[in-house]
Amino acid sequence: MAGGKKVAVVMGSISDEVVMKKASNVLKEFKVDYEVNVLSAHRMPDRTREFAINAKSNGIEVIIAGAGKAAHLPGFIASHTTVPVIGVPIKSSGLNGLDSLFSIAQMPSGVPVACMSIDGAENAALMAIQILALKYDDMAKKIEGYKAKMTK
Ligand code: RP5
């Protein structure tokens, strides 16, 4: 795969890192170029918008966005870009992540976000890899190998 950052892993708070690390670890394992950013739709809306509107021209092909509580980050980013956004609802509140899950899954028509399970950062990375595999043969081979190994 050519150089550059293909996947952006974004999280609403540094406290989400313990979960989102699972996505980074999978991307590392598959040797995907990625970057990690802490951005918040609520606490730093201007910088988050800036990131989203520039993502495509910066070579980002898939965005993984993890957020907890009123988890607006994935949807906020998706509203500013056509780069596919995969949302990870983080279990960071007294509602056991159901608030995050509903916030990410219940996007209005026209602004899709692919919603993973609560704390499902590992699957978010695998989904990102499967999207990249549509374009990059080396990624396709790796994900096929991964699935074959899992079956075994
Ligand atoms: C959300 O609020 C973050 O994504 C995080 O899951 C949660 C708690 O954030 P902190 O108060 O720990 O920074 O915005």
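**Ground rules**

I am working on a predicted model, where local features need pLDDT of at least 70, side-chain atom pairs count only at pLDDT 80 or more, and totals for chains, interfaces and linings use all residues. I number residues from 1 along each chain as its sequence is written, and side-chain values use heavy atoms, with hydrogens and water left out. Helices (H or I, at least four residues) and strands (E, at least two) are DSSP runs, numbered from the N terminus.

**Helix α1**

I took α1 as residues 17-29, which makes 13 residues. From first C-alpha to last α1 reaches 18 Å, close to the 18 Å expected at 1.5 Å a residue; the expected span is 1.5 Å times one less than the number of residues.

Next I listed its buried residues: V19, M20, A23, S24, V26 and L27. They cover an arc of only 160° around the axis, so they sit on the same side of α1. For the arc I use the directions from the helix axis to the C-beta atoms. By my cut-offs, buried is under 20% relative accessible area, exposed is over 50%, and partly exposed is in between (1.4 Å probe, protein chains only).

On the face turned away from the buried side I found the exposed residues V18 and E29. The cover over the buried residues of α1 includes β1 (7-11), β2 (34-38), β3 (62-68), β4 (85-90) and α5 (121-133), with contact meaning heavy atoms within 4.5 Å.

**Helix α2**

In α2 I noted T48, F51, A52 and A55 as the buried residues. Their arc around the axis is only 95°, which puts them on the same side of α2. They pack against β1, β2, β3 and α3.

**Helix α6**

I then turned to α6, residues 137-151, with 15 residues. Its first and last C-alpha atoms are 21 Å apart, close to the 21 Å expected at 1.5 Å a residue. M139, A140 and I143 are its buried residues. Seen down the axis of α6, they fall within an arc of 100°, so they line one face of the helix. The face turned away from them carries the exposed residues D137, K141, E144 and K149, while the cover on the buried residues includes α5.

**Loops and positive phi**

Most residues other than glycine have a negative phi, which made the next two worth a note. K69, in the loop between β3 and α3 (73-78), has a phi near 55°, a positive value. At a relative accessible area of 49%, K69 is partly exposed. N96 has a positive phi too, near 60°, and is found in the loop between β4 and α4 (98-105). N96 counts as exposed at 52% relative accessibility.

I also checked N58, in the loop between α2 (45-55) and β3. N58 is exposed, with a relative accessible area of 55%.

**Largest pocket**

What lines the largest pocket? I found 16 lining residues, with G12, S13, R43, G68 and K69 nearest its centre. The lining has 5 nonpolar, 8 polar and 3 charged residues.

Technical notes: 1 Å grid on protein atoms, 1.4 Å probe; cavity = no way out; pocket = protein on both sides within 12 Å on 5 of 7 lines; lining within 4 Å. Nonpolar A, V, L, I, M, F, W, Y, C, P; charged D, E, K, R; others polar.
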